[in-house]
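Hi,

Here is the model I promised to send over.

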Amino acid sequence: MKVAMLGTGPFVVPTLRALHASTHDVALVVSRPPRGRKREPSPMQVAAEELGLPAWTPETVNCDESRAELNSRGLDLLVVCDYGEILKRATLETARLGGVNLHGSLLPKYRGAAPVQWAVYHGEAVTGSTVIQMTPGLDAGPILGVDEVAVDPDETAEELEARLSQSGAPLVVRVVDQLEAGTAEGVPQDVSLATKAPRLRKEDGLIDWARTALEIKNQVRALQPWPRAYTLWQRGTGEPMRLILHSADVSEGSASDPGTVSLLNGQLAVATGGGLLLPKTVQPTGKKAMAADEFLRGYQLREGDRIG
């Protein structure tokens, strides 16, 4: 099968390597153009060049010039993951079999740009990867393959995403094999079960202490490495201090108002809408992350203080 791979971020790189090592012909690798002040190439472009594959970085694949380039390659299939641009119908039609997409959730749950993060945010015990036949709708095409993965209750979104990038690669190769053999069967998604996973915003990191301790712990796990969960320490004098929470545990019981600080056997604890949150690693504004007990020694956070 002659394929073009479209991807940009690190999530797609294991799939590129797996397809390159398979019997299929990766004829072209397409990624978003270098960005930022240093104009550094994307992880996908770097991987393609390391493998000796032709790398192409158009501003858009949805223009006539780009479609002409894809048409000239005689492609059987577009394989898309973590690319950064929604492909229009005319672009999908540049390959004989259209396009397939690797998505980091069990569709139809968590359609959108941040499926792994929102799965962790909502405390999912199981998630996985889905390969779909692409349509112009967002992550809405028929399902061609699924791989389920258990989520560790202490795992961050960053850690889970790294695991999914590895487990999703053989799934893609299996689906491409089936498409070549003519045995692939698409299963329509149940639209009534669809949920959204929009791109994260900085304000998604702000902790609402009226939520339960477990919900807040999941928020802390989900927003790694960006935008990170944070709160404001309402100090008696001066401006509130922004505190980033890198990790936390939970404990039962609290009669205090949400956001009230206490010391549980000498350990920093914060009352929530259900249970206590026990911050493990804290980062004050302008400082490095530190263990919660180190933070308590260096800052005058006292029992009864309020954060949030």
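Let's start with strand E1, residues 2-6, in this predicted model. Four of the five residues in E1 are buried, which leaves the strand mostly covered. On one side E1 runs parallel to strand E2 (residues 25-30), and five bridges hold the pair together.

Now for the packing. In soluble globular proteins, nonpolar side chains tend to be buried together. The largest nonpolar core here has 43 residues, and the members that touch the most others are Met5, Leu16, Leu19, Val26, Leu77 and Val79. Helix H6 (residues 157-181) gives this core its largest share, nine residues. There is also a second, separate core of 22 residues, with Ile216, Ala229, Leu277 and Ile307 among them.

Leaving out residues up to four places away in sequence, Leu19 touches Met5, His24, Val26, Val79, Val172, Val173 and Val176.

Which ones are buried? They are Ala213, Ile216, Lys217, Asn218, Gln219, Val220, Arg221 and Ala222. Their cover includes helix H5 (115-121), H6, strand E8 (229-233), strand E9 (241-251) and strand E12 (276-284).

The loop between H6 and H7 holds Lys196. Is this lysine buried or exposed? Lys196 has a relative accessible area of 74%, and the cut-off for exposed is over 50%, so it counts as exposed. Lys196 does still touch Tyr110 and Arg111, not counting residues up to four places away in sequence. For a sense of distance, the C-alpha atoms of Lys196 and Leu243 are 29 Å apart, and the two residues are 47 apart along the chain.

- The peptide bond from Gln224 to Pro225 is cis, with omega near 5 degrees. Pro225 is in the loop between H7 and E8.
- The bond from Trp226 to Pro227 is cis as well, with omega near 5 degrees. Pro227 also lies in the loop between H7 and E8.
- Asp139 isn't a glycine, yet its phi is positive, at about 55 degrees. You'll find Asp139 in the loop between E6 and E7. Its relative accessibility is 12%, and buried means under 20%, so Asp139 counts as buried.
- Asn265 likewise has a positive phi of about 55 degrees without being a glycine. This residue is in the loop between strand E10 (261-264) and strand E11 (267-271). With 81% relative accessibility, Asn265 counts as exposed.

Finally, the overall numbers. The protein has eight helices and 13 strands, and 49% of its 308 residues are buried. Along the principal axes, the C-alpha atoms fill a box of roughly 70 × 45 × 30 Å. The accessible surface comes to about 14,800 Å², and carbon and sulfur atoms account for 50% of it. Of the contacts with a separation of 6 or more, 65% are between residues 24 or more positions apart.

Cheers

Methods:
Residues are numbered from 1 along each chain as its sequence is written. This is a predicted model: local features need pLDDT of at least 70, side-chain atom pairs count only at pLDDT 80 or more; totals for chains, interfaces and linings use all residues. Side-chain values use heavy atoms; hydrogens and water are left out. A nonpolar core is a set of buried Ala, Val, Leu, Ile, Met, Phe, Trp, Tyr and Cys residues joined through side-chain atoms within 4.5 Å. Buried means under 20% relative accessible area, exposed over 50%, partly exposed in between (1.4 Å probe, protein chains only). Helices (H or I, at least four residues) and strands (E, at least two) are DSSP runs, numbered from the N terminus. Contact means heavy atoms within 4.5 Å. Two strands pair if DSSP finds at least two bridges between them. Accessible areas come from the Shrake-Rupley method with a 1.4 Å probe; for residues, only the protein chains shown count as cover.
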